[in-house]
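The following note comments on the disulfides and on one group of paired strands. Please read each point alongside the sequence and the structure shown here.

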Amino acid sequence: MQPSPALVAAGARPVAGFALGTSGTYTLTFTIFQAGSYGIRVTESLEGGGAIMPSLGVDVQVVGASAAATFTTIRGTGITDTIASFTERSFEIVAKDQYGNVASGISMSDINLNIDVQDAPLPTPIPFQFSGAPVFISDGIYSVAYAPTMPGRYYLQVLVSSVVINDGQEISWNVLPARPPVLVSAALTFSLGSVAIKFDQATDQGGQRGVFSCTLLLEAATVAKIGAGGLCRWAVLTGELFASLMVDMGFGATLLPQTARNAADFITLKADIIRSSAQNSWYASGGVFLDQPVTSIPVTAVISAPSEVGVCDGFTLSVADSAGAGGRPLVLIYNVESLADTTLATLAITRANSLDTISIGSNDLTPNQLYTFSVRVENFIGRFAIASIGVTKAEVPLPQITVLNGGSDNVFSVDRITLNTLVEQPDTTCPAALTAARLLDVAYAWTLTGGPALDFLTIPDIAKTKVTPKLSIPGGTLRAASNYEFTVKASLTQAPGRSVRAVATVKVGYQDIVFAGRIGADRLHPVDVPLVFVSAPSDPEDSRDENGVAYPWSYFWECAAYCTGTDMAPCTPTTKASGPCFAEESSILSLDAATVTIPANFLSRGLVYKFTCTVAKAILGTSNLAGRSGTSEVFITVPNFPAIVVSIANFPVYAGGEISSDDGLTLQCSHIAPNIAVKYEWRLITGDPAPGEVTIPPILSLVAARYGNKLIDGRELVITKGLLKKGSKYVFACAVDEDPATVPAGSQARRGLATVSVLVNAPPTSGTIDIYYKPTSTSAWVGLPAGVNGVVENGVLGAVDTFTEILTEFLVVATGWTDVQLPLRYRFAFEMQGDDAETPFTQTQATTSKTVTFPAGLMVMRVYVYDAIGDYTRFTYSSNVRITQIPTDSVALQTLQAQSEFWQQIAAQAAVQPQQQLRVRRRQIGVEPRPRRFTSRVHVGRLGTALSAASSSEHSR
């Protein structure tokens, strides 16, 4: 059945079928295989032409049939090769029927798909999991999105009506690992003790957390240069978005950046360890050269020596107080200049190489001549400084003078400071000494040679002691944040016009404001009672201006946050939900005043408020007010029940808001609720009770010495000293309840609660003792037990007679000690085997080291480390040290014996003037059993050497 040419031209198409029928009724059957819109027209005409009936027609919309897996296809870039990332990719599923038409009438449940990752080129700790679902786009077309997070070969299986498309074959593509983290830089930090290794992206940190051995992430050649005990850690540096690998170098580190003296070392990562944070990248590899730090600790050159030495004396030239080494040995280059012959002095400093102390012999300088010694001090990154000092060689014997506690650091203006001198008798045994100087009378004169002015006449203590060996400066005399230089001159009666001098530098710091917890205790507060805050900061410095007028306090009050809660269901305020905490907040809290009052009914029931107050106070002589401001906070809970106003009074604390367990603690509670009977009860909310029997409530064990088993029902809580655990935090609560017997019928009993936190100071921690010795007088310091003869046998160092009394010099260093209460002070001691008591060989001092020689015997070394409060830690060196006796034929022993005989004669003559005589050391040499001998060497500023032992009593804390 064919349409007429005219119909074909109009777009008609023939259909297959048969027209059957009788009596003018005809039926035509045909099938349409392509989806679309169709118009069916029927025209009846005579064979000879002409229409018998008008044209008939109907419009038909043909849609796709049910989806057939064989004809369903996938399209899009999401099934092509790519690189692992968290960026989503997509592809489309086009479902078709068996005739190639887009299928219709498909349910989402008819399409299922799976993505599987196999053949990963790298270990993947988390298998890929596809959690997406097809998204309907239009009939038969669905979009699928996924993120190719893990590398590998991706296999896709799509099922339509439980039949796999693509003739049952999986569709696959490759996802390669992401770009590996790349080393951007490796540079020394400001302290020079660490290296920061930076990457261009976040890493998985090699699977390491905390502090760990660098061998896990760095190649052996790099690790070998970070020194013994060097460790690694990950840290996010200021201004960085992700963590850097920090290398904290140990003892003997040799890792170097490029300088004028050496090329930069190469830092190499260990292979196959570090990847991207998602662990979907190639492994980082390779390395970078070590860079100089952007900024670093400055190098300070300090050279010290006596300004004048006697004709028979040598002296020690020291640069040990130089700073900026960054944990490595300094490169020291000495020079000497004089109008006189410098041959022997040059030889002495040349032999010393880079030693920080040099012995200049008694014959190395020409009498009555001035020599200028200079040193260039350079650290391992090439930063340097230069210092010089003049030394005059006298033509007569002279004593030596030093200030034992000169160079005092970290003292405060409130401290009493005593500068103590020590005069040593001169050597008169050399041929150049024509006559022995008998120094039976010494006149002292102290002067201020640097820093803010002081009146040496009107301050009684200074006026009395300025002509004595000990200058006493009362507390409150020196200005905070200032440096002072005091010079003492010792004039000799037997040598008119001749004197010796010593200089002491005192650096005065300033103490922090004490304010933590000083606006009242956390407490319940009734809504219908005004809330009064009283700020009670404390200034340990009592800072004043040039006219002696105290600087004023400044106050800044704020309601920082609030939240919905009660005492039974507490919350922690972190933000303001919306708007101010209460009406007129800005005007009420804007006062620059010590006291603010929030009127009754301004706060809301059922809320917990956080109030803060920041205080500040100026100090004369500095614009840097770090530590001169403080912030305190308090939590106020407004309950839904009738409440009693309860408060806990402020208690004495040290800087930092801590107490000492050795002081004990007294807390006082009070309430405002007139005309009602109440009961008090103290509770321990947080903190460990003292050792011993614990009763209910546990607070009883803290005050058993005072209360026994009584109920703690008074306004005052007294905890005797030593019961609170050092380094702990305690939270005490004072509960005040209305006596039920006095509550009127039908009324609710009123109650109140206040809590207070108590921080108990911890003594210094984390430190140790390092001990060094010199195998010979010209050797560099060698750490124990390192060195040729540093043998340890049965826990005893020097068991092979390595160390000898008088001859072997030791450097004892307290290192690594930390504490909140600064400054720290140190006292060194040793205890001989068999003795009942130890022997201190320093006073309590700010310096962390001591150079000393020890007597013969087996001993242990100790250091007492005190914080600013006085709490201390007693630390004992891990091994005993054996010191052998000096041989009887030793030249040093014979020299000491000759000097001893001479000074015994001097002492006998000095006995006629006991008030004026100098301190004279006496020794019994060559007598068995031998008494102990030890000397301690004090390097102070430009002051030379003190050859005596100092002792001090132990603090009770």
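1. Two strands are said to pair if DSSP finds at least two bridges between them. The model under review is predicted. Within it, strands S14 and S15 form a hairpin with five residues between them. Leu192, in the turn of this hairpin, has a positive phi of about 70°.

2. The pairing of strand S14 (residues 183-188) with S15 is antiparallel and runs over five bridges. Among the residues involved is Ser185, whose bridge partner in S15 is Lys198.

3. Strand S15 also pairs with strand S18 (residues 244-248), again in the antiparallel sense, over four bridges. Here Ser194 has Asp248 in S18 as its bridge partner. How many of the six residues of strand S15 are buried? Five of the six are, and the strand (residues 194-199) is accordingly described as mostly covered.

4. Turning to the cysteines, a search of the whole structure finds four disulfides. One of them joins Cys214 to Cys232, with an S to S distance of 2.1 Å. This link connects distant parts of the chain, the two residues being 18 residues apart. Cys214 lies in the loop between strand S16 (211-212) and helix H2 (220-223), whereas Cys232 belongs to strand S17 (residues 231-235).

5. Why is the disulfide of Cys214 and Cys232 right-handed? It is so because the torsion about its S-S bond is about 110°. Both Cys214 and Cys232 are buried.

6. A disulfide is also formed by Cys559 and Cys581, whose sulfur atoms are 2.1 Å apart. The link of Cys559 and Cys581 is left-handed, with -90° about the S-S bond. It too links distant parts of the chain, 22 residues apart: Cys559 sits in strand S36 (residues 554-564), and Cys581 in the loop between S36 and helix H5 (585-589).

7. Are Cys559 and Cys581 buried or exposed? Cys559 counts as buried because its relative accessibility is 0%. Cys581, at 8% relative accessibility, counts as buried as well, since the cut-off for that term is under 20% relative accessible area.

8. Cys563 and Cys571 form a further disulfide, with their sulfur atoms 1.9 Å apart. The torsion about the S-S bond of Cys563 and Cys571 is about 90°, and therefore this disulfide is right-handed. Cys563 has a relative accessible area of 14% and is therefore buried.

Notes:
Residues are numbered from 1 along each chain as its sequence is written. This is a predicted model: local features need pLDDT of at least 70, side-chain atom pairs count only at pLDDT 80 or more; totals for chains, interfaces and linings use all residues. Side-chain values use heavy atoms; hydrogens and water are left out. A disulfide is a pair of cysteine sulfur atoms within 2.5 Å. Buried means under 20% relative accessible area, exposed over 50%, partly exposed in between (1.4 Å probe, protein chains only).
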